[in-house]
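Thanks for coming. I'll take a few minutes on one structure; please have a look at it before I start.

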Amino acid sequence: MHSRHVRALGGAVACAYASRDAAKAESFNRRFGGIGHYGSYAAAIADPAIDAVVVAVPPAFHLPLTLEALAAGKHVLVEKPAFPTLREFHAAVAARDQAQRVVLVGENDHYKPLAVLLRRLLAEGAIGQLVFAQFTTLAHRLKTADDWRNDEAMAGGDAFFEEGIHWLHIASSLGPTISAIDGYRPEPSREGPDRRAKSMLVAFRYDNGAVGTLLYSREIPSLFRGLRVSKLFGRDGVITFESNGLFVVVRGRGWPRVHLPGWSDIRGYRAMYRDFVRAIRDHAAPEMSLERAIADQRLMDAVYRTTAPAPV
C-alpha cells in the first residue's frame with residue numbers, strides 16, 4: 001500500500017526496503033523499483049544515504065525503531081496506531097525534539113478526500129450548527145489464527161485499538177473537539193480463530209454541545225461486504241456519507257447536493273506522503289504530528305477506562 005502511493009509521487013521520493021529477511025527486502029525492492037535493500041532494519045537506519053524511515057511493523061515494535069531512526073538523524077513516518085501508551089508517545093516527542101527531525105504519524109484517514117470534504121462542509125456551515133454525529137463502520141472481516149493482530153501484546157490492543165482509532169480520529173478532527181467520551185463494549189465472542197474483542201460503541205460530546213456515536217465492528221456483516229452509511233445532523237440540514245468515501249449527500253437549504261470526494265487517493269496515502277515531504281523540506285510540523293496523535297490517544301485511553309470492569 002505504501003509503496004504504490006509513494007511511487008505515484010514521481011521522482012520526489014526514492015525507496016529502499018529493509019526486512020529481517022533479506023530475500024523479502026530484495027523482492028519488494030525489485031517489485032516496486034527501489035534503489036536498494038537491506039537484510040536488517042539496523043542496516044537501513046545506519047545508511048547515511050537514507051533520509052527518512054517508514055515504520056510499518058506491528059505496534060509493539062514502533063517505539064524502538066522510531067527512537068533508533070531519530071538517533072541516527074532520520075525523519076520518521078510511523079504507522080498508526082503509533083504507540084500503545086502515552087508514555088511511549090512522550091518518549092518519541094523527546095527524541096524528535098532532540099534530533100530536530102520530522103515525525104509524522106501515519107493516520108492516512110486524516111488526509112483522505114472524504115475527511116477533507118467533511119471538514120470543509122462543516123466549516124462553511126452547510127448544515128448549520130451541528131447537533132448529532134453518527135459514524136458507522138461495520139464489516140465482517142475476521143483474522144486468521146496466525147495473524148499477529150490476534151496477539152494483543154503485539155497489536156497494542158484489540159480490534160478497536162488497532163483499526164477503530166482511525167475512525168476516532170475522523171470523529172474528533174471535523175472542527176469541534178471531543179470533550180467527553182465513553183466506550184461500551186458488548187460481550188466478546190471468543191469463537192473461531194479471531195479471538196480479539198471485535199466490537200465497540202463509543203458515545204461522545206463535542207465542545208460545541210453536539211453529541212455523537214461511533215459504531216465499530218469487524219464481526220457484523222455489512223451491505224455488499226463493506227458499504228456503510230454515516231450521518232452528520234445539523235439544525236439546517238443533514239450530511240449523509242458512505243463511510244469509505246464513495247459519496248456525500250448534503251441536504252440543507254435548497255436542493256440536495258451530491259459530492260464525489262475522489263477515487264484516485266480515496267484512502268489518503270498520497271496526500272499523507274506529500275505532507276511528509278513538505279514538512280521535511282520546509283522544516284515544519286506535519287498535519288498529523290505526534291501532538292495530534294496524542295490527542296487521539298487520550299480519547300482512546302478514556303474509551304478503555306469506561307469499558308474496564310468495575311472494581312470489586
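Are Phe-204 and Tyr-206 buried or exposed? Both of them are buried. Keep in mind that this is a predicted model.

I'll stay with the aromatics for a moment. A search of the whole structure gives 11 aromatic pairs. One of them joins Phe-160 and Tyr-216, with 5.5 Å from centre to centre and 70° between the planes, an edge-to-face arrangement. Phe-160 sits in helix 8, residues 159-172, while Tyr-216 belongs to strand 9, residues 211-217, so this pair ties together parts lying 56 residues apart in sequence. Phe-160 has a relative accessibility of 1% and counts as buried. Tyr-216, at 2%, is buried as well.

Back to Phe-204 and Tyr-206. Their ring centres are 5.2 Å apart and their planes make 75°, so this pair is edge-to-face. Phe-204 and Tyr-206 also belong to one aromatic cluster, together with Phe-135, Trp-167 and Phe-241.

Three strands make up an open sheet, in the order 3-4-5, with parallel pairing.

Strand 3 pairs with strand 4, residues 75-79, over 4 bridges in the parallel sense. Within that pairing, Val-55 is opposite Val-78 of strand 4. Helix 4, residues 62-71, packs on the sheet and touches strand 3, strand 4 and strand 5. The direction of helix 4 makes about 170° with that of strand 4.

In soluble globular proteins, nonpolar side chains tend to be buried together. Here the largest nonpolar core has 39 residues, and Val-78, Phe-83 and Leu-290 touch the most other members. Among the elements that each supply at least two residues of this core are strand 3, helix 4, strand 4, helix 5 (86-99) and strand 5. Helix 9 (269-282) and helix 10 (290-307) are also on that list.

What does Phe-83 touch, leaving out residues up to four places away in sequence? Its contacts include Leu-63, Val-78, Phe-89, Phe-161 and Leu-290, and also His-62, Glu-88 and Gln-297.

There is a second, separate core of 37 residues.

Notes: Residues numbered from 1 in each chain as written. Predicted model: local features only at pLDDT ≥ 70, side-chain atom pairs only at ≥ 80, totals over all residues. Heavy atoms only, no water. Pairing = 2+ DSSP bridges. Contact = heavy atoms within 4.5 Å. Axes fitted to C-alpha atoms, helices over the stretch in contact; angles between N-to-C directions. Phe/Tyr/Trp six-rings, centres within 6.5 Å; stacked < 30°, edge-to-face > 60°. Buried < 20%, exposed > 50% of the residue type's maximum accessible area, 1.4 Å probe, protein only. Core = buried A, V, L, I, M, F, W, Y, C linked by side-chain atoms within 4.5 Å.
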